[in-house]
Amino acid sequence: MKRVVLSEIDLTFGKVESPKGFEIDRSKIKNDIISSYIQKKRISENKKDYSYHDYEVPFSQPLQWLQDYLRDHFRLEYNKTLVLKQNIGLVLEKKQRSFTRNLVEPLDLLHAPDYTCIYGVDIDDEEELELVILYDDNRRVNRTWHINLHNNEYVIFPSIQKFFINESKSSKLQTLLISSYEYI
């Protein structure tokens with residue numbers, strides 16, 4: 001008997017393990033996202049667009065180090081090089097959850113990202129914040145995978161997968177970085 005896998009959904013997750021003294025300054029990334037949030041520097045000004053609630057993330061050295069870390073570790077582990085397409089800041093207030101969505105524009109698959117990364121910039125670890133990824137497993141449709149989000153941890157998955165962040169129970173702002181990538 002022979003078996004060939006034609007398709008699979010791969011999830012990669014872990015903690016950013018920087019050498020002591022070279023930790024990524026998450027407070028700088030958080031401050032940049034919160035600043036865009038306060039100044040309403042949205043990805044889209046269209047109120048009917050999902051990205052109306054997404055915020056710009058300006059370039060910074062800590063952000064670049066994070067992107068370098070993810071790219072290098074992904075290449076070492078899976079022999080694929082991630083090329084950044086976009087960074088999005090997501091801020092959740094108490095009792096707020098994100099939209100169910102993916103980062104793929106169905107009418108422009110040629111330019112669609114291959115992978116999405118959710119990174120915990122500043123999450124209240126006292127209260128659970130959960131990423132839910134929706135997927136189909138052949139005829140078993142509408143399945144979900146749940147993973148708790150924590151500070152300095154990431155989840156990478158195919159951009160075609162729909163996802164959302166469950167309702168925040170914390171009274172403090174939950175700050176996340178969403179990045180999209182192509183791979184080569």
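Figure 1. Strand 8, which spans residues 174–183, contains Gln174. The coordinates shown here and in the following views belong to a predicted model. Gln174 has a relative accessibility of 0% and therefore counts as buried. Leaving aside residues up to four places away in sequence, the contacts of Gln174 include Leu90, Val91 and Leu92. Asp122, Ile123 and Asp124 are also touched by Gln174, as are Leu129 and Ser168.

Figure 2. Strands of a sheet pair through backbone hydrogen bonds, in either a parallel or an antiparallel manner.

Figure 3. An antiparallel pairing over 5 bridges joins strand 3 (residues 115–122) to strand 6 (residues 153–158). Within this view, Thr116 stands opposite Phe157, a residue of strand 6.

**Figure 4. The nonpolar cores.** The largest nonpolar core comprises 23 residues, and Leu66, Leu70, Tyr154 and Ile156 have the most contacts inside it. At least two residues of this core come from each of helix 1, helix 2 (61–78), strand 2, strand 3, strand 6 and strand 8. The most is given by helix 2, with 5 residues. Another core, of 17 residues, lies apart from it and has Leu103, Ile118, Ile123 and Phe157 among its members.

**Figure 5. Contacts of Tyr154.** Tyr154 is one of the residues with the most contacts inside the largest nonpolar core.

**Figure 6. The salt bridge between Asp32 and Lys28 in helix 1.** In the whole structure, the search finds 9 salt bridges. One joins the side chains of Asp32 and Lys28, with an N to O distance of 3.0 Å. Both residues lie in helix 1, where Asp32 and Lys28 are 4 residues apart, about one turn of the helix. Asp32 is buried, at a relative accessible area of 12%, whereas Lys28 is partly exposed, at 34%.

**Figure 7. A network of salt bridges including Asp72.** Salt bridges link Asp68, Arg71, Asp72 and Arg75 in a network. The closest N and O atoms of Arg71 and Asp72 are 3.2 Å apart. Asp72 also forms a salt bridge with Arg75, with an N to O distance of 3.2 Å. Asp72 and Arg75 are both located in helix 2, 3 residues apart, which is about one turn of the helix. Arg71 is partly exposed, with a relative accessible area of 26%. Asp72 likewise counts as partly exposed, at 28% relative accessibility. For Arg75, the relative accessibility is 36%, and this residue counts as partly exposed.

Technical notes: Residues numbered from 1 in each chain as written. Predicted model: local features only at pLDDT ≥ 70, side-chain atom pairs only at ≥ 80, totals over all residues. Heavy atoms only, no water. Buried < 20%, exposed > 50% of the residue type's maximum accessible area, 1.4 Å probe, protein only. Contact = heavy atoms within 4.5 Å. Pairing = 2+ DSSP bridges. Core = buried A, V, L, I, M, F, W, Y, C linked by side-chain atoms within 4.5 Å. Salt bridge = Lys/Arg side-chain N within 4 Å of Asp/Glu carboxyl O.
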